[in-house]
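Subject: Structure handover

Hi,

Here's the structure I said I'd pass along. Have a look at it first, then read on for my notes.

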Amino acid sequence: MKDSLACEIVVVGAGPAGLAAACTAAGRTRSVAIVDGNTAPGGQIWRGEVRMPGIDRARISQVRLLSDTLVVDCPGDHSLLAVQGDRAVEIRYEKLILATGARERFLPFPGWTLPTVVGTGGLQAIVKGGMRIAGKRVVIAGSGPLLLAVAAYLCRQGARIAMIAEQAPRSAVFRFARTVARSPRKLLQSISLMQSLTGTPYRTGCWPIEAVEGAVTLSRGGKTWSEPCDYLACGFGLVPNTELAALLGCVLQDGFVAVDTCQQTTQPGVFCAGEPTGIGGVEPAIVEGRIAGYCATGRMDEAARLFPERDRGNRFRRALEEAFRLRPELAGLTGPDTIVCRCEDVTFARIAKHGNWRAIKLQTRCGMGPCQGRVCGPAVEFLLGIPPDSVRPPIFPVPVGLLSEDL
Amino acid sequence: MIEILVNGKPVRVAFGTTVAAAILMAGEVVFRRSVRGEARGPLCGIGICFECCVTIDGLPNQRSCQVPCRDGAEVVTAC
């Protein structure tokens with residue numbers, strides 16, 4: 001027998017957007033649940049942190065929180081199928097709020113599959129999980145403000161950051177810094193970041209071209225050199241987790257979930273907030289979560305008061321996207337023998353022969369391993385301009401016994 | 001502190017430590033072997049890439065970055 005749960009409002013994801021949405025909705029109804037795949041609430045950004053600025057802590061206690069619970073399917077109208085350990089749970093809702101967050105974008109280059117090459121957020125998550133990084137030499141490479149945040153965190157944990165390599169050009173990063181400086185809160189964040197990174201070289205227009213055991217070759221302004229390191233932490237911005245939205249039939253636009261002014265998707269009663277509607281970090285996620293929470297409980301007037309703040313968030317998102325746009329040279333790092341699909345060990349040469357995802361999957365098995373294309377999908381899109389075209393349940397691998405329970 | 005066994009070797013870790021962190025602290029580098037036999041370790045750290053899969057208490061294909069250490073747990077990585 002499956003467990004089951006029914007709530008008026010169900011939120012998927014317990015990061016900033018999901019918590020803000022659930023707490024806001026909890027002001028109107030007692031029937032609110034959050035379903036989250038992690039062990040504790042906070043999402044990726046507040047992993048292991050007690051402080052969650054902008055979240056009404058008192059309200060969280062009124063929300064039913066299902067941690068370690070992965071939504072894998074939407075088998076019927078107003079119903080989700082989730083997996084919690086070795087149990088299946090059917091979750092019924094009247095209104096659904098998707099706050100599924102984002103993941104890092106990884107780009108393939110020679111050596112990127114070595115065990116000592118980790119995501120930037122990935123390394124941070126593992127260190128937050130208890131790994132000791134003190135004394136280790138780390139090169140941080142890729143793109144976006146996350147590089148700086150992770151560098152500062154690892155520094156505080158005693159790591160030696162040999163270099164931060166940002167692929168974006170200096171002019172774009174400076175333009176972005178001026179945008180950030182217009183928001184007092186963001187300016188303070190940046191200043192404290194910079195203070196913890198005093199003495200750490202931050203190179204713009206610089207990127208990794210090859211990793212080997214114990215070192216990474218970096219390239220900048222036509223020059224290349226080898227930088228010794230114990231770990232290369234590498235991530236090229238974030239991509240939204242849109243699998244569940246796509247499975248529910250919500251329209252995606254340029255890879256993001258399309259929403260109206262109420263944060264409602266093209267599926268009535270299904271709302272979406274945070275990174276899946278645009279990459280911009282905590283502040284836009286919280287305001288969108290609150291708007292979704294208000295609108296899902298019929299309080300449009302209260303939601304409307306937050307629209308100016310959301311507009312500011314959207315301007316920040318555009319500035320972020322503009323500043324850290326990936327340079328086309330990065331596609332040239334992937335050699336014919338470079339593995340693109342890590343689950344099935346499929347090289348670039350084998351993928352590049354095909355013009356669409358269906359052919360790529362059928363002919364090479366790229367994207368058909370356990371990550372279900374979450375890693376190679378954004379890479380293939382960047383390398384070949386072929387966006388992922390279909391999502392099928394279950395959207396996470398589950399033991400087959402759980403799915404066959406009803407048979 | 002709790003103690004787990006990584007490939008038979010005892011490792012003492014703080015409560016709440018993930019299995020992935022404990023494996024690294026045990027000095028292991030290889031978590032799994034890919035279909036072509038390449039050494040792999042954690043990439044995403046958030047449970048989506050499946051590169052950190054190991055056997056925990058006899059159960060294969062467990063994402064070690066998502067599982068907190070349980071006192072006495074036996075973890076086996078690829079070699």
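Predicted model: local features only at pLDDT ≥ 70, side-chain atom pairs only at ≥ 80, totals over all residues.

**Overall build of chain A**

Chain A has 14 helices and 21 strands. Its C-alpha trace spans about 60 × 50 × 35 Å along the principal axes. The radius of gyration is 21 Å, which agrees with the value near 22 Å that a compact globule of 407 residues would have. Of those 407 residues, 47% count as buried. If you look at the contacts between residues at least 6 apart in sequence, 66% of them join residues at least 24 apart.

**Domains**

The chain is divided into three pieces: domain 1 (3-103 + 239-320), domain 2 (106-236) and domain 3 (334-384). Note that domain 1 is written as two stretches of sequence, 3-103 and 239-320. How far apart are the C-alpha centres of domain 1 and domain 2 of chain A? They lie 29 Å apart. As for contacts between these two, 4 residues of domain 1 of chain A touch 5 residues of domain 2 of chain A. On the domain 1 side, that splits into 1 nonpolar, 2 polar and 1 charged.

**Cores**

The largest nonpolar core has 83 residues, and the members that touch the most others are A:Val138, A:Ile140, A:Leu232 and A:Val340. Domain 2 (106-236) and domain 3 (334-384) of chain A both contribute residues, so this core lies between them. There is also a second, separate core of 55 residues, with A:Val35, A:Val270, A:Cys272 and A:Ile286 among them.

**A parallel sheet**

Five strands of chain A make an open sheet with parallel pairing, in the order β8-β15-β9-β10-β11. Which strands stand at the edges? They are β8 (117-118) and β11 (202-204) of chain A; each has a single partner strand, so one side of each is left without a neighbour in the sheet. Further in, β9 (residues 137-143) and β15 (residues 231-236) of chain A pair in the parallel sense over 6 bridges. Within that pairing, A:Gly142 is opposite A:Gly235 in β15(A).

**One loop residue**

A:Glu213 sits in the loop between β12 (206-212) and β13 (215-220) of chain A. Is A:Glu213 buried or exposed? A:Glu213 has 11 other C-beta atoms within 10 Å, so it is exposed. Beyond its neighbours within four places in sequence, A:Glu213 is in contact with A:Leu114 and A:Thr116. From A:Glu213 to A:Leu114 is 99 residues in sequence, yet 7.5 Å in space, C-alpha to C-alpha.

**Where chain B meets chain A**

At the interface, 31 residues of chain B are in contact with 27 residues of chain A. The elements of chain B that give two or more residues to its side are α1 (19-25) and β4 (39-40). The largest share, 4 residues, comes from α1(B). By class, the chain B side divides into 20 nonpolar, 7 polar and 4 charged.

Cheers

Conventions. Residues numbered from 1 in each chain as written. Chains lettered and ligands numbered in written order. Contact = placed C-beta atoms within 7 Å. Nonpolar A, V, L, I, M, F, W, Y, C, P; charged D, E, K, R; others polar. Rg over C-alpha atoms; globule rule 2.2 N^0.38 Å. Buried ≥ 20, exposed ≤ 12 C-beta atoms within 10 Å, placed from the backbone. Core = buried A, V, L, I, M, F, W, Y, C linked by C-beta atoms within 7 Å. Domains from an automatic or database assignment. Pairing = 2+ DSSP bridges.
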